[in-house]
Amino acid sequence: MGRYVIRRLLQMVPVFIGTTFLIFVMVYALGDPVAAMFGDRTPDPATAAQIRESLHLDDPLWSQYLQYMAGIFRGDFGTAFNGTPVAELMGSAFPNTIKLTLVAFAIEVVVGVGLGIVAGMRRGRLADTGVLVFTLLVISIPTFVTGYLLQYFIGVKLAWAAPAVSSDVAFGELLLPGIVLAGVSLAYVARLTRTSIAENIRSDYVRTATAKGLPRRRVVGVHLLRNSLIPVITFLGTDIGALMGGAIVTERIFNIQGVGYQLYQGILRQNAPTVVGFVTILVVVFLAANLIVDLLYAVLDPRIRYA
Amino acid sequence: MPEITERAPATTDGTAPAAAPEAAAAPRSLWGDAWRDLRRNPIFYLSAVLILFLVVLSIWPSLLTGTSPYACDLGRSQQGPGPGHPFGFTTQGCDVYARTVYGARASVVVGICTTLLAAVLGCVFGGLAGFFGGWWDAVLSRIGDIFFGIPVLLGGIVFLSVIKGGSIFTVVLLMAVLGWPQIARIARSAVISAQQQDYVQAARALGASTPRMLLRHIAPNALAPVIVVATIALGTYISLEATLSFLGVGLKPPTVSWGIDISSAATQIRNAPHMLLWPAGALSITVLAFIMLGDAVRDALDPKLR
């Protein structure tokens, strides 16, 4: 197990470097951050040269990248072009997005797995068909459409929930945005669970467990679920990154000042340090989630032993 | 409960006893079997008809409407449905019906081109990694991981906003570049498992050349899972393009796209909900059609769940 963890960590190093370098190159090399700072005006050449100098923009790209990464490991994500340290922006944005992601993730797990179990255990019956149709519809309607429709009908017409989230971002307010954010993933989780349960419920070990007289609760809860949820957990792990990245749409609709909001502002203003910083963190979250999922495998599935 | 049914060799069908006489006939290939399954699936027909309709619509939008999507009259801004204009007007006074009809082209073209490009990239990289193994696998898989590590929506927003794209070409290229690792992973594992089959070992023992083994023996058997994933991905690519256009970084006017129209309608939802509902409905039905097709193809090609 220890060797496996080390091997996986070593494998992550080139991926981390590659991904962050790719983003760095795209943002710094293809855009012109100095021109972006001045908007439509042409910058004074001397001022522009001075800014380029202070931001090390004239150094070769790999050297800029190394300096940037060195900064990150000291907790210094650079300074946004308006003078705020990016780390400070992160400090205010990440708690909000993490709250939203947590709410969405909880909804996704509880509702998605629940629906999947119901459908998988009653394959071919009405409940199964209902879940299939429901998930199909949820997957087909893009998040931003569901977002605006739910905001309009539940938030404005029925006034059951606030149509926008206030600045202190309470958990109760995040319920509606959480549902919107979780929607598509929830449907995938439900379908994956259903497939997995329906496949395993016919397996020999479930029949053995039933035959030796175990109560149904135990057969389903211990034998069936533990085996069926392995592919679901893989999906959930990779989905954490997608949820945090997808929050950009939900945060925009419900006016939540989280990562998506800051990232969007950064992109609009071509604020390269903000964009690279936030995306780097999101990529790290994504890679870490994948690693944790791989390690969880060993806990969940004793058949897998890492040498 | 598993039923013991008489099986024809190479068929994977094992359910309905009603199908038994037919199944006991000549041995069929996986593809023949899948095609027979598809033809019995009403969902396949429903989605195929919808997709055919959408494809025709994107080639000849003028079949369904005589109005140009660019013929706008500010005097009719946000008006509801009227004679000759069944869906009403946008804020700019354009005909919502015409714009909805013309919007199909962008979605269908982006969806199909992205899927083809991502599938080709994924099959080549994933196939090579799976077939040669060793260093090839290590290097190609890590390259795939690098692109896989960037969530597609996030990467799309960052890159498109920097290169200031807006054409169908850039959007397709970007989504395919970020999307291929998903298909490559499937292709890689399909190739690895196909390679362990006896007939591939036999071909190798008989001295078949590498290209012949790849094209004649491995590719046809590794293709099924790739096709399944690619068909389902097609629907999500269409949805993704609309999301990028909605955020203002994907397609840009004058391209007529549902994402752009939804974006401009969303802020006006309280005054003129019709502006949002029609393009949003068209977009959802399009995604639905492709996802249903993907489901039907999966059920036909992956018979584990019968």
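Tutor: In chain B, 67% of the contacts between residues at least 6 apart in sequence join residues at least 24 apart. Two residues are in contact if their C-beta atoms, placed from the backbone, lie within 7 Å. Please note that this is a predicted model, in which local features need pLDDT of at least 70, side-chain atom pairs count only at pLDDT 80 or more, and totals for chains, interfaces and linings use all residues. Residues are numbered from 1 along each chain as its sequence is written, while chains are lettered from A and ligands numbered from 1 in the order in which they are written.

Student: How many helices and strands does chain B have?
Tutor: Chain B has 11 helices and zero strands. Helices (H or I, at least four residues) and strands (E, at least two) are DSSP runs, numbered from the N terminus.

Student: And what percentage of chain B is buried?
Tutor: Of its 306 residues, 46% are buried. A residue is buried if 20 or more other C-beta atoms lie within 10 Å of its own, exposed if 12 or fewer, and partly exposed in between.

Student: Which residues does Ile262(B) contact, leaving aside neighbours within four places in sequence?
Tutor: In chain A, Ile262(B) is in contact with Phe144(A) and Val145(A). In chain B, its partners are Ala242(B), Phe246(B), Leu276(B), Pro279(B) and Ala280(B).

Student: On to the contact of the two chains: how many residues does each give?
Tutor: Chain A gives 38 residues and chain B gives 34 residues. On the side of chain A that touches chain B, α1(A) supplies the largest share, nine residues. By class, that side of chain A has 27 nonpolar, nine polar and two charged residues. Here Ala, Val, Leu, Ile, Met, Phe, Trp, Tyr, Cys and Pro count as nonpolar, Asp, Glu, Lys and Arg as charged, and the others, Gly among them, as polar.

Student: Now α6(A) and α8(A): at what angle do they cross?
Tutor: Their axes cross at roughly 145° and come within 8 Å. Axes are lines fitted to C-alpha atoms, for helices over the stretch in contact, and angles run from 0 to 180 degrees between N-to-C directions.

Student: Which residues of α6(A) meet α8(A)?
Tutor: They are Val131(A), Thr135(A), Val138(A) and Ile139(A). Among their partners in α8(A) are Gly183(A), Leu186(A) and Arg194(A). This contact has seven nonpolar, two polar and two charged residues.

Student: Last one: how far apart are the end C-alpha atoms of residues 98-119 of chain A?
Tutor: They lie 30 Å apart, and the span is 100% helix.
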